[in-house]
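Hi,

Here is the model I promised to pass on. Have a look at it first, and then read my notes below.

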Amino acid sequence: MKKIEHIGIAVENMETSSLLFEKLLGVAAYQSEEIASEGVHTLFFKNGPTKIELLAATNPESPIAKFLTKKGEGIHHIAFEVMNIEQEMIRLKQEGFIFIDEIPRIGADNKRIVFLHPKNTNGILIELCQEIK
């Protein structure tokens, strides 16, 4: 793994949260994107080498909507950048990690993504992401 690529934060209201993080970080978001297949609207901020991703549900059945109902606003996941997502999946499976996704899918911010199951990562949802070239 190369580095922490971003920290995902689930929010109830994207407009209110966007203003809060603009004030906090002193910069405007650089990208807004809706991923219809996941029922999520994302907004990205740069903070040094790491990014902050705000996630708001676009429908009540989305994973983010369910997360917000169960846990409320807060950190949703930590994403690690990898050079080769398939090789990293093989390595981590050999180490005993369980994946939510069996194959990488297209995520926000021009990335291929896959998630590890939080039941064997100390309750933290971990995302692996690889830049699409």
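**Notes on the helices and the sheet**

On the outward side of H1, Glu15, Thr16 and Lys23 are exposed, where exposed means over 50% relative accessible area, buried under 20%, and partly exposed in between (1.4 Å probe, protein chains only). Helices (H or I, at least four residues) and strands (E, at least two) are DSSP runs, numbered from the N terminus.

Before going on, the ground rules: this is a predicted model, with local features needing pLDDT of at least 70 and side-chain atom pairs counting only at pLDDT 80 or more, while totals for chains, interfaces and linings use all residues. Residues are numbered from 1 along each chain as its sequence is written, and side-chain values use heavy atoms, with hydrogens and water left out.

Back to H1. Its buried residues are Met14, Ser17, Ser18 and Phe21. They line one face of the helix, because seen down the axis of H1 they fall within an arc of 105 degrees (the arc of the directions from the helix axis to the C-beta atoms). That buried set packs against S1, S3 and S4, with contact meaning heavy atoms within 4.5 Å. At the start of H1, a side-chain oxygen of Asn13 comes to within 3.0 Å of the backbone nitrogen of Glu15. Just after the helix, Gly26 has a positive phi of about 75 degrees.

Now the sheet. It is open, has eight strands in the order S2-S3-S4-S1-S5-S8-S7-S6, and its pairing is mixed; two strands pair if DSSP finds at least two bridges between them. Strand S2 (31–35) and strand S6 (105–106) are the edges, each pairing on one side only. S1 (residues 3–10) and S5 (residues 74–81) run antiparallel over seven bridges, and Ile4 has Phe80 as its bridge partner in S5.

H2 (residues 63–71) buries Ile64, Ala65, Phe67 and Leu68. Those residues fall within an arc of 160 degrees seen down the axis of H2, so they line one face of the helix. They pack against S1, S3, S4 and S5, whereas Thr69 and Lys70 are exposed on the face turned away from the buried side.

In H3 (residues 85–94), which residues are buried? They are Ile85, Glu88, Met89 and Leu92. These cover an arc of only 105 degrees around the axis, which puts them on the same side of H3. Strand S7 (111–116) and strand S8 (126–131) are included in what covers them. On the face turned away from the buried side, Gln87, Ile90 and Gln94 are exposed. The start of H3 has a side-chain oxygen of Asn84 reaching to within 3.1 Å of the backbone nitrogen of Glu86. Just after H3, Gly96 takes a positive phi of about 100 degrees.

Gln130 is buried, with a relative accessible area of 16%. Its side chain reaches the backbone nitrogen of Ile85 at 2.8 Å; a polar contact is a pair of N or O atoms within 3.5 Å, where within protein one must be able to donate a hydrogen and the other to accept it, and residues adjacent in sequence count only if both atoms are side-chain atoms. Not counting residues up to four places away in sequence, Gln130 touches several residues, including Val82, Met83, Asn84 and Arg112.

Cheers
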